[in-house]
Amino acid sequence: MNNKTYLIIGGTGGIGRAMVEQLIDNTASHSEKVIPHVFATYHSSVPDFAADNLHWIPMDICDEQSIQQAADVIKQQTAHIDWVINCAGLLHTATQQPEKALRQIETDFFIQNMQVNAWASLLIAKHIKPLLANAERSHDKPAVFATVSARVGSISDNQLGGWYSYRMSKAALNMGMKNLSIEWGRSLKDVCVVVMQPGTVNTQLSAPFQGNVADGQLFSPAYSAECLLEVLSHMTAAQSGSFVDWAGEPIPW
């Protein structure tokens, strides 16, 4: 991963923090001339770990002004970003669980899902585009704009129903990123826009639902992050607009 510059959105969450740690650990074998730089965002609590090439930036992904301010801070420190990975997501809150039936749908929770899971990635793309435009990139080694999605956002794969807000917000995210891949395919060459399913990961997001996970199918954040980074390292510009899982296998829309 040489001397790329990375931006990890949601760097204090399970997968996001694991990605940050792996990208930082990866620098140990690099000379000082090719150390990658990692920018990572947090929402409220200042993170408890640091590195010389790690830059923490506050960001509220539901507030466009906050996203723009974060982008401006990054622009003061670098002229380009090579990879952007949005790891932030919402499945439940302290008071609200995913809906099992229509009668449980509640407006504020639905809108919150849409803001976090779908709308935020579009806003991030809007304000990060100038930094991606300055990345060194080629067809085989494109700049990357990746967002963590979910298999339950696949319309054709839905056999169980339920989880209205989460499913619909992830399906909306997928459509938004597909649109973005088409637009940037015309205006921002050699950028790969991809949505990724990380597997079922042992994080706070999945904690209430882990009892239904088959043996061997609950991944550690470190394993999921490693798989996702490996898949992204082999993506080409021709794969922009893809929906893939942690192993790089395509998921039906």
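Biologist: In which loop is D190 found?

Modeller: D190 is placed in the loop between helix 4 and strand 6 (191-197). Please keep in mind that this is a predicted model. The phi of D190 is near 60°, a positive value in a residue other than glycine.

Biologist: Is D190 buried, partly exposed or exposed?

Modeller: Residues under 20% relative accessible area are buried, those over 50% are exposed, and those in between are partly exposed. D190 counts as partly exposed because its relative accessibility is 26%.

Biologist: Which value of phi does W163 have, and where does W163 lie?

Modeller: W163 is not a glycine, yet its phi is positive, at about 50°. This residue belongs to the loop between strand 5 (143-148) and helix 4. Its relative accessible area is 24%, so W163 is partly exposed.

Biologist: How many helices and strands does the chain contain?

Modeller: The chain has 5 helices and 9 strands. Followed along the sequence, they give the pattern β-α-β-β-α-β-α-β-α-β-β-β-α-β. The chain consists of 253 residues, of which 49% count as buried.

Biologist: What describes two packed helices?

Modeller: Two values are used: the angle between the axes of the helices and the distance between those axes. Here, helix 3 (residues 107-133) and helix 4 have axes that come within 8 Å and cross at roughly 20°. Helix 3 is therefore roughly parallel to helix 4, since angles under 35 degrees fall in that class. The crossing of helix 3 and helix 4 is right-handed.

Biologist: At what angle do the axes of helix 1 and helix 5 cross?

Modeller: The axes of helix 1 (residues 14-25) and helix 5 (residues 221-233) cross at roughly 65° and come within 8 Å. Helix 1 is thus roughly perpendicular to helix 5, a class that covers angles of 65 to 115 degrees. Helix 1 also passes helix 5 in a right-handed crossing.

Biologist: With which residue does D48 form a salt bridge?

Modeller: D48 pairs with R17, and their closest N and O atoms are 2.9 Å apart. This pair links distant parts of the chain, 31 residues apart: D48 is in the loop between strand 2 (37-42) and strand 3 (54-58), while R17 is in helix 1. D48 counts as exposed, at 64% relative accessibility.

Biologist: Which parts of the chain does the salt bridge of K126 and E64 tie together?

Modeller: The side chains of K126 and E64 meet at 2.8 Å, N to O. K126 lies in helix 3 and E64 in helix 2 (residues 64-75), so the pair ties together parts that are 62 residues apart in sequence. K126 counts as exposed at 53% relative accessibility, whereas E64 is partly exposed at 28%. As for shared partners, salt bridges join R17, E21 and D48 into one network.

Biologist: Which residues form a nonpolar patch on the surface?

Modeller: The patch is formed by L102, I105, Y164 and M168, which together have about 360 Å² of accessible area. Among them, Y164 is found in helix 4 (residues 164-187). Y164 counts as partly exposed, at 30% relative accessibility.

Methods
Residues are numbered from 1 along each chain as its sequence is written. This is a predicted model: local features need pLDDT of at least 70, side-chain atom pairs count only at pLDDT 80 or more; totals for chains, interfaces and linings use all residues. Side-chain values use heavy atoms; hydrogens and water are left out. Patches are made of residues with over 30% relative accessible area and no salt bridge: like charges are joined within 9 Å, nonpolar side chains (Val, Leu, Ile, Met, Phe, Trp, Tyr) within 5 Å. Accessible areas come from the Shrake-Rupley method with a 1.4 Å probe; for residues, only the protein chains shown count as cover. A salt bridge is a side-chain nitrogen of Lys or Arg within 4 Å of a carboxyl oxygen of Asp or Glu. Helices (H or I, at least four residues) and strands (E, at least two) are DSSP runs, numbered from the N terminus. Buried means under 20% relative accessible area, exposed over 50%, partly exposed in between (1.4 Å probe, protein chains only). Axes are lines fitted to C-alpha atoms, for helices over the stretch in contact, and angles run from 0 to 180 degrees between N-to-C directions. Angles under 35 degrees count as roughly parallel, over 145 as roughly antiparallel, 65 to 115 as roughly perpendicular and the rest as oblique. A crossing is left-handed if the near helix is turned anticlockwise from the far one by less than a right angle, and right-handed if clockwise.
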